[in-house]
Amino acid sequence: APPRIRRLEESVVNRIAAGEVIQRPSSAVKELVENSIDAGASTVSVTVKDGGLKLIQVSDDGHGIRCEDLPILCERHTTSKLSAYEDLQTIKSMGFRGEALASMTYVGHVTVTTITEGQLHGYRVSYRDGVMENDPKPCAAVKGTQVMVENLFYNMVARRKTLQNSNDDYPKIVDFISRFAVHHINVNFSCRKHGANRADVHSGSTSSRLDAIRNVYGASVVRDLMEIQVSDENAVDEIFKMDGFISNANYVAKKTTMILFINDRLVDCTSLKRATEFVYSAILPQASKPFIYMSINLPPEHVDVNIHPTKKEVSLLNQERIIEKIKDAIEEKLMNCNNTRIFQTQALNSSALTQANTRKDKGTEVSTPTGEKSQKIPVSQMVRTDPRDPSGRLHTYWQGQTSNLEKKSGLVAVRNIVRSRRNPKDAGDLSSRHELVTEIDYNLHPGELILTCDV
């Protein structure tokens with residue numbers, strides 16, 4: 001008989017949904033930081049312990065949460081961002097589903113401390129499985145909201161085992177905060193490990209985007225950045241603007257850094273990233289990758305934000321056309337800036353030059369300070385690195401040519417052979433001219449160069 005279809009319990013459904021929204025500690029941090037930005041915060045502080053498994057604490061100075069809203073704060077699909085489905089077509093906030101805090105309560109222990117403007121004291125309340133564990137307790141608090149998530153994935157053994165290494169997720173959290181700090185230049189961000197005196201990310205509010213990038217990624221990145229702007233306001237069916245910064249041909253990195261915000265929402269776009277990397281592949285060396293920051297603004301009705309559980313991806317109207325315009329703009333910008341290139345050089349090591357004098361024609365043995373000898377290097381694999389090194393010159397590869405006269409005559413013979421192959425009819429008796437060329441080569445002073453042209 002076929003198996004019966006049963007209705008899952010609500011707790012099972014909620015825990016399954018929580019596993020899709022909160023995939024790892026960095027997902028929880030991203031959701032909490034986005035809520036803080038939606039609350040109008042000017043300062044966001046993140047504290048993490050054991051990569052987020054033991055503790056995630058996000059504090060902000062936003063407008064706070066009303067006391068009467070605390071009982072339903074962590075229930076599923078409770079939000080202040082929209083009230084009807086039609087509001088989703090013009091959503092401008094980063095959160096809208098009301099699943100982030102609810103999902104955290106099903107996979108961790110959540111404590112919220114909040115105070116609104118005008119109140120004499122704040123309130124603290126703990127949540128578990130979407131409901132309050134106790135009534136809100138009055139407490140001292142500073143302006144805004146503090147959300148603390150402890151023992152994340154305590155009831156999901158398999159996922160917790162895969163995240164045991166705390167070094168895996170903390171860099172992802174730092175990367176999220178760094179990207180937010182570059183885009184939201186009017187917000188102060190800080191991220192640090194629990195108990196650490198120094199923050200790994202500390203950015204102050206600034207009026208310049210370049211200053212924000214310099215504070216987060218360093219001055220060496222800003223030195224090789226170019227500003228880029230793209231707009232398509234004349235189109236009938238599409239209006240979009242893009243502004244940002246891209247690296248020039250002198251930027252060198254082992255990994256692509258692409259910071260993409262669409263309507264102030266941090267997202268990923270694989271098609272756009274692949275298109276930009278294709279443009280850079282013709283400019284940069286094979287092992288170098290670019291740095292890209294883009295902020296794209298579109299009408300809200302042209303963006304579908306409800307296609308990914310963690311809001312990691314969005315769908316755009318006429319996406320292929322937008323990507324093609326951005327790709328063309330980047331290619332034109334790179335072509336105009338590729339007039340000069342800067343290459344890094346390394347100073348010559350005098351000890352290496354001394355060791356090079358001991359090389360042999362067939363190989364070399366380099367002695368180490370401990371007295372050990374390295375493996376012999378065949379002459380065919382040697383590379384000339386210094387013109388002052390005799391063993392590095394091309395003469396080392398010519399066997400049996402000891403005198404300069406013999407070498408010159410050998411070159412003349414090669415010329416004759418090449419000439420006879422190209423022009424068999426002209427391969428007559430040219431011994432007089434050959435003797436004249438040999439005499440000139442023999443009397444040539446060191447350092448001089450004579451160009452000959454065969455007629």
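**Cysteines, confidence and helix packing**

Tutor: Cys-191 is buried, with a relative accessible area of 0% (buried is under 20%, exposed over 50%, partly exposed in between, with a 1.4 Å probe and protein chains only). Cys-139 is buried too, at 13%. The disulfide count is zero, a disulfide being a pair of cysteine sulfur atoms within 2.5 Å.

This is a predicted model: local features need pLDDT of at least 70, side-chain atom pairs count only at pLDDT 80 or more, and totals for chains, interfaces and linings use all residues. Residues are numbered from 1 along each chain as its sequence is written, and side-chain values use heavy atoms, without hydrogens or water.

Next, confidence. The protein has a mean pLDDT of 80, and 75% of its residues reach 70 or more (pLDDT is the predictor's confidence in each residue, from 0 to 100). Residues 360–371 fall below 50, yet this stretch has 24 contacts in the model beyond near neighbours in sequence (a contact is heavy atoms within 4.5 Å). Residues 397–403 also stay under 50. For them the model has seven contacts beyond four places in sequence.

Now helix α3, residues 100–107 (helices are DSSP runs of H or I, at least four residues; strands are E, at least two; both are numbered from the N terminus). Eight of its eight residues are buried. Among them are Leu-101, Met-104 and Tyr-106.

Take the α1 partner. The axes of α1 and α3 are 8 Å apart, at an angle of about 110 degrees (axes are lines fitted to C-alpha atoms over the stretch in contact; angles run from 0 to 180 degrees between N-to-C directions). The two helices are therefore roughly perpendicular (65 to 115 degrees; under 35 is roughly parallel, over 145 roughly antiparallel, the rest oblique). On α1, the contact uses Asn-14, Arg-15, Ala-17, Ala-18 and Val-21. On α3, Ser-103, Tyr-106 and Val-107 make it.

A second pair is α8 (residues 270–281) and α9 (residues 319–336). Their axes come within 10 Å and cross at roughly 25 degrees. That makes α8 roughly parallel to α9. The α8 side of the contact includes Leu-272, Ala-275, Phe-278 and Val-279. The α9 side includes Ile-323, Ile-326, Lys-327, Ile-330 and Leu-334.
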